[in-house]
Amino acid sequence: MRAFYLISTWPRGRPTALAGVLSLLALGALHPPRASAQWPGQIHGSVTDAVTGAPVSQVAVQLADQSRATTSDQAGAFRLRGVDPGAHRLMVTRLGYAPAEVLVSVENGAIARVRLVMTPTPIGIGGLGVRLDPAVAPGAYSIGSPEIRDAGASTLGDLLRGRPGVTVSERGVGGAQTISIRGVAGDGVLVLIDGVPLNDPTTGEADLSRLAASSAEEITVLPGAHTARFGQRAQGGVVLVRTRAAGSGPRLRTEGGSLGRWRAAAEWGASAGGFRIGAGGEASGADGGFTFTQPGDIGGGEAHRRNADVERWTGWATVNGVVAEGLLRLRLGSERIERGLPGKSFAPSRSARQTATRSQASIAWSRVEQGLDLGATLFGTLDEAHLEDPDPPLGRSFDTRTRLSSGGLKIAVTRRWSGIWRPEVGGGLDGEYQRVNSGALSETSPRQRAETSAYAHGAVTPPLGNAAPTLSLAVRAHRDGLSGIWRTTHEVGVAWARGPVSLQVSQRSGFSPPSLGDQYFREGVAVVPNPDLGPERVPSEWEAAVAFAGGRAVGWSGGLSAFRGDIAGMIVWQPDFRFVWSPRNIDVRRDGLEAWFGADAYFGGGGSLKLKAEFSLVRVTYDRDDPEPVQVLYRPRHTGALRADFELGSWSGGGRARYLGARFPVPSPVNELPGFWSIDVAIRHTWRPAGWRVRAGLRVDRLLDQTDALIFGFPQPGRTLGLAMEVQRLP
Amino acid sequence: MGKPAEPRRSQHLIGSMLVSLSLTLVMAGCSDSSGPELPIVREVGVVLNSVDISLTVFGVNSQGTPFTIGLAPDGSPVSMAVRGSLVAVPLGLVPAVAVVDLTTGLVTRTVALPEGSGATGAAFLDDERVMVANPGLGSVSVVNVVDGTLVTSIDVGVFPQGVIVHQGRAFVFNGELGPDFLPTGPGTITVLDVARLEVLATIDVSGENPSSGAVGPDGRIYVVNAGRFFGDNGSVSMLDGSIPGEVDWQGGFGDFPGAPAFGPEGDLYVPAFSYGVAIWSPVSGQFVRATERAIEPEGVPSASGLGFDAAGRLYTLRPDCVRPSAILRLSSTFEVEATMPVGVCPIAVAFTEIPEG
């Protein structure tokens, strides 16, 4: 516990941080990695579908306490080598299935065998909805609990930064984070927290900086227009966040680092009366100030970032149990953030502040029987936000408050048959009622709205042998709460798999309505709303994907996904000749591809190495008579990442190099901002005193002191250090 | 207001003849091997695209493809100053002025201004120094565009947003706008001595929101008072540089007129998004084309800027802030005789001569 003491008493400042780092490394070096009489064992297992009994491939299998992981093959089998003798918690996750875990005891040098059964579950709306097969989500990927833990991320936005096809726009350190997928802005990406939309109705966007990374258990990203599956705004993609539930015991985590960063988190879980109860919380903050160099193309010179401090508090409690032969999950959560809004580096605001609180309560029940899934979620949210700037760099002072309360109900049913066509049909109803009172909106803005939608879906697998394709269809009818207009969207998919190769082709449509702010913003200095604004629409999006996996000693997997889906009426804020900004609908052409390749190798003595390369190309260009297509502003055409993670005895770590390509800050091919790489590295050491696991880690972000940012005028601080310590009681 | 007169084509023709004669003399000088060696120059038009934050440069008498010069990744430029092959563009929200060398097509340097400047409106004091208005600070800054230094800043009125230099004096147009960018009353003009960089006088004008101006053939300063958005109260104030006061005032320029220019016949051409191009004669004190009979380029009653080339030909800017726009060259009967592509939201145009090559 000496290391814990070092970290928890660590004041803000680099000299002390460096001392802490050196102490940690020294402690790790002195600690023997393994008793000499111990020999690593193995875990061999298989995974099957609880409903069909079929093997489940591509299941992520991970030891909770060792970061050792693999994936199941086409036969549903997996092997984990180099496992320390003793009891381990084995976790399995896969898109479309409920995660599961089991305790495995590994003898000295022996093979432990396990059989796991995974229950297909609808995902996305709090445990109900539709079962996602690859045909409808070919480019989907998930970030599981171990990766979330090891990422050292503070927010949901930090976790998603640099993922394939995803761009996270940030307003500086501690500022708002919005997500863009495949060139669609944040108001066209639906973010669901346990099935409840996080998107703010006044902006249409979800601020990912408001959700602490530690409160997420799993994050699933589904690129593409999935309005028919998940509802309006799911036009560029969907981000599904499953929050943490009851833990298995006490867990404490503390962090500190450059820019005055600090974080402390704790969670606890227990069983009582047949129910699993859990609770957790986190407090974090940062001073956020740093000295930076203004770019030469706006005059250069040194400047200091001020008013960039941030503090967050998060608390949650869950109760899980079996009620009426189904799983019941009750969750209460609340987040609060207070931060300065420093503005652009060349027009800084010294006094702009934001305080925002979001509370959410949800109760979800789902039952998965042989061939019949039932589910319902009831939720309520309360959002309160306060924005003020008594002395802005431009225009009048402001002091606005927004209060949003909403409640909703989602009901879903799916029926499956095990006949030769293996048909599946389902449907559901979604309804949400919102009340909005905001000083940022005009008097004519509607104060309440009711959104409703109904959907149906089905799938069949023709009896064509082992390589039979699965055909799926989904349609949804949405009623716009403001205009009363009904809109329909659809998805059609075909999936085919043989051996290590799978192919998918999808065709879909989607839409995203204008936000209240777009249409009813209170007219002010240089800002005018547009009540006549129409929705963004993707009338037809095609996507084709191929994925493959294989290998024995070295496992490998990869894939390629290509899409084409123009956007009719993309909502873009543009100035007029008076430099008064207003939202407009413009047509945009859009296509692109995502490619990825990964390899996992395991060595004797408990070592492993994982490599992964990802690349994304998104062409989002104005549909107008330009001599050459012009990329929509701030949409990088190229993004990519290279990752390497290793495990060697009690040490683990890795590095990630992210590339953010060139982008244009204006709607013309001039003033290009060059692309840049940023490299993050981390190293961790684990101790296992009796019954406990202690992990200490060091992170260096932007290793090469890179200061570029996606959006011009929001500088990054260059190289930063972070130290973390986690103490967990083992089950 | 009397009946608007028709354009005086005879004066236009005389002006064109004078320009042609001048060019002939220049060419003759070039061919005189015994005389001083004069540089070969060509006339170019320079268009400032405010949303693109760029300049479009095109040859006035050549069919070459226009080229574009990006100025900065951010900002809100709406005005520029041109002298020879140098262009100085205040970047608005970005407190800096970009300096462009038209002979190389590059931004040679970007000179930082005081934080909160608002950088709008500029004029060359000489070959090296540019005076830039800082509406956010109520001052003007003098920068040396050759060595990239900020020379000094001088307090003027509230919300200065335009500068004209004439006969050793700088006239700074103070919009007298409040924090909501609405006029708090009539505007003022600060007069400075260019050599000593001292304030000589502050002149009250009758109109609201003085924003731009031009020097007339009579040596007077003609200041366009843009008024309020949708206020239909645009006007022109006339200053005599030697008399510290407004010598005359003319209303009737409609809603939010823009930067004016004098035509070869000596009339004042005023563009506006709300009606097109109005023409007013300082000699007669009458509108040649009042707002209700304004020139409508391409049949559209709107223009975001205008200018005249050395041959006295009128150019107007098509006000399109959504897609790439165009500059239109109008004939003497105000028909569109040539169109050239420019960037998004063109807001100002100027003509200058640069060395050939």
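**Note on a predicted two-chain model**

1. In this predicted model, 31 residues of chain A make contact with 33 residues of chain B. On the side of chain A that touches chain B, the elements contributing two or more residues are β36 (567–575) and β37 (581–603) of chain A. By residue class, this side of chain A comprises 15 nonpolar, nine polar and seven charged residues.

2. Confidence in chain A should be considered next. The average pLDDT of chain A is 84, and 88% of its residues score at least 70. Two stretches call for caution. Residues 1–37 of chain A have a pLDDT below 50, and this stretch has 42 contacts in the model beyond near neighbours in sequence. The pLDDT is likewise below 50 over residues 122–136 of chain A, a stretch with 77 contacts beyond near neighbours in sequence. Where pLDDT is low, the predicted coordinates should not be read in detail.

3. Chain B has 357 residues, of which 50% are buried. Its secondary structure consists of one helix and 28 strands. Among the contacts in chain B with a separation of 6 or more, 46% are between residues 24 or more positions apart.

4. Which residues have the most contacts inside the largest nonpolar core? They are B:A88, B:V97, B:V130 and B:V163, in a core of 102 residues. Strand β6 (residues 96–101) of chain B supplies the largest share of this core, namely five residues. Apart from this core lies another, of 36 residues, which includes A:I179, A:V196, A:L208 and A:L222.

5. Leaving aside residues up to four places away in sequence, B:V97 touches B:A88, B:V89, B:P90 and B:L91, among others.

6. Within chain B, strand β10 (residues 139–144) and β11(B) run antiparallel and are joined by six bridges. In this part of the model, B:V142 stands opposite B:T152 in β11(B).

Terms used: Residues are numbered from 1 along each chain as its sequence is written. Chains are lettered from A and ligands numbered from 1 in the order in which they are written. This is a predicted model: local features need pLDDT of at least 70, side-chain atom pairs count only at pLDDT 80 or more; totals for chains, interfaces and linings use all residues. A nonpolar core is a set of buried Ala, Val, Leu, Ile, Met, Phe, Trp, Tyr and Cys residues joined through C-beta atoms within 7 Å. A residue is buried if 20 or more other C-beta atoms lie within 10 Å of its own, exposed if 12 or fewer, and partly exposed in between; C-beta atoms are placed from the backbone. Helices (H or I, at least four residues) and strands (E, at least two) are DSSP runs, numbered from the N terminus. Two residues are in contact if their C-beta atoms, placed from the backbone, lie within 7 Å. pLDDT is the predictor's confidence in each residue, from 0 to 100. Two strands pair if DSSP finds at least two bridges between them. Ala, Val, Leu, Ile, Met, Phe, Trp, Tyr, Cys and Pro count as nonpolar, Asp, Glu, Lys and Arg as charged, and the others, Gly among them, as polar.
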